[in-house]
Amino acid sequence: MSKTENELSLRPVTEATEEFLEAAVNWLYPWWGEPEGYGREEVRTMMMHSCERERFPRTYGLFLEEKLIGMFQFTLCDMDIRPNLYPWLANLYLAPEYRGKGYSCFLIGAVKEEAEKAGLHELFLYTAHEGLYERYGWEFCGMVDTFRKTPRMQRLYRLRIR
């Protein structure tokens, strides 16, 4: 995705730099790591091995000028109980201080464009959010029991790419 007037850009993260790892762990650990019983080092290690160029998982960073402010990933597995569904959109995150400024629209809008470039035909995601992803063409498939701690019941979505 190209830059905008605010120097907002989306770029593949193919190297697990300290800056990236610190931001990702600070975002993801309190969001799902700690609630699901993962340690900070487990989340860090997972993110360290999620910066692939040619295979999954693929990680994309949203940058405002050169500052990382958000991210998302394409991964083969995000819900162990549904191994028949793949690939997944995972860890879509925008730092709280940048929310409400239109950056999330840019970030979510970039998902389909990057999925097309990656040759994907569809994507899945699960979330507790209702009404957000529908605005970007995601189809609600139904409620799914994730067997996770919080929230256990979540919404399953599919995005058709082509």
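Me: Why does Ile81 count as partly exposed?

Reply: This is a predicted model, and in it Ile81 has a relative accessibility of 37%. Buried would need under 20% and exposed over 50%, so Ile81 falls in between and counts as partly exposed.

Me: Where is Ile81 found, and what does it touch?

Reply: Ile81 sits in the loop between strand 3 and strand 4 (88–94). Leaving out residues up to four places away in sequence, Ile81 touches Val144, Asp145, Thr146 and Phe147. Arg53 is 28 residues from Ile81 along the chain, and their C-alpha atoms are 27 Å apart.

Me: What makes Asp145 and Arg152 a salt bridge?

Reply: Their closest N and O atoms are 2.7 Å apart. The cut-off is within 4 Å, so the pair qualifies as a salt bridge. Asp145 is partly exposed at 23% relative accessibility, and Arg152 is partly exposed at 40%.

Me: Why can side chains pair up like that?

Reply: Side chains of opposite charge can pair when their charged atoms come close. A search of the whole structure finds 11 salt bridges.

Me: How do you know that Arg11 and Glu66 form a salt bridge?

Reply: The N to O distance between their side chains is 3.2 Å, and the limit is 4 Å, so Arg11 and Glu66 meet the rule. This pair links distant parts of the chain, 55 residues apart: Arg11 is in strand 1 (residues 8–13), and Glu66 is in the loop between strand 2 (58–64) and strand 3.

Me: Why is Glu66 called exposed, and what is Arg11 called?

Reply: Glu66 has a relative accessible area of 54%. Arg11 has 27%, so it is called partly exposed.

Me: What makes Arg158 and Glu122 a salt bridge?

Reply: The N to O distance is 3.8 Å, and the rule asks for within 4 Å, so Arg158 and Glu122 count as a salt bridge. Arg158 lies in strand 7 (residues 153–160) and Glu122 in strand 5 (residues 122–127), so the pair ties together parts 36 residues apart in sequence. Glu122 is partly exposed, with a relative accessible area of 27%.

Me: Which residues touch the most other members of the largest nonpolar core?

Reply: They are Phe20, Leu62, Phe72, Phe74, Leu89, Leu123 and Trp138, and the core has 45 residues. Helix 1 (residues 18–33) gives the most to this core, with nine residues. A second, separate core of seven residues includes Leu85, Tyr126, Val144 and Leu156.

Conventions: Residues numbered from 1 in each chain as written. Predicted model: local features only at pLDDT ≥ 70, side-chain atom pairs only at ≥ 80, totals over all residues. Heavy atoms only, no water. Helix = DSSP H or I, 4+ residues; strand = E, 2+ residues; numbered from the N terminus. Buried < 20%, exposed > 50% of the residue type's maximum accessible area, 1.4 Å probe, protein only. Core = buried A, V, L, I, M, F, W, Y, C linked by side-chain atoms within 4.5 Å. Contact = heavy atoms within 4.5 Å.
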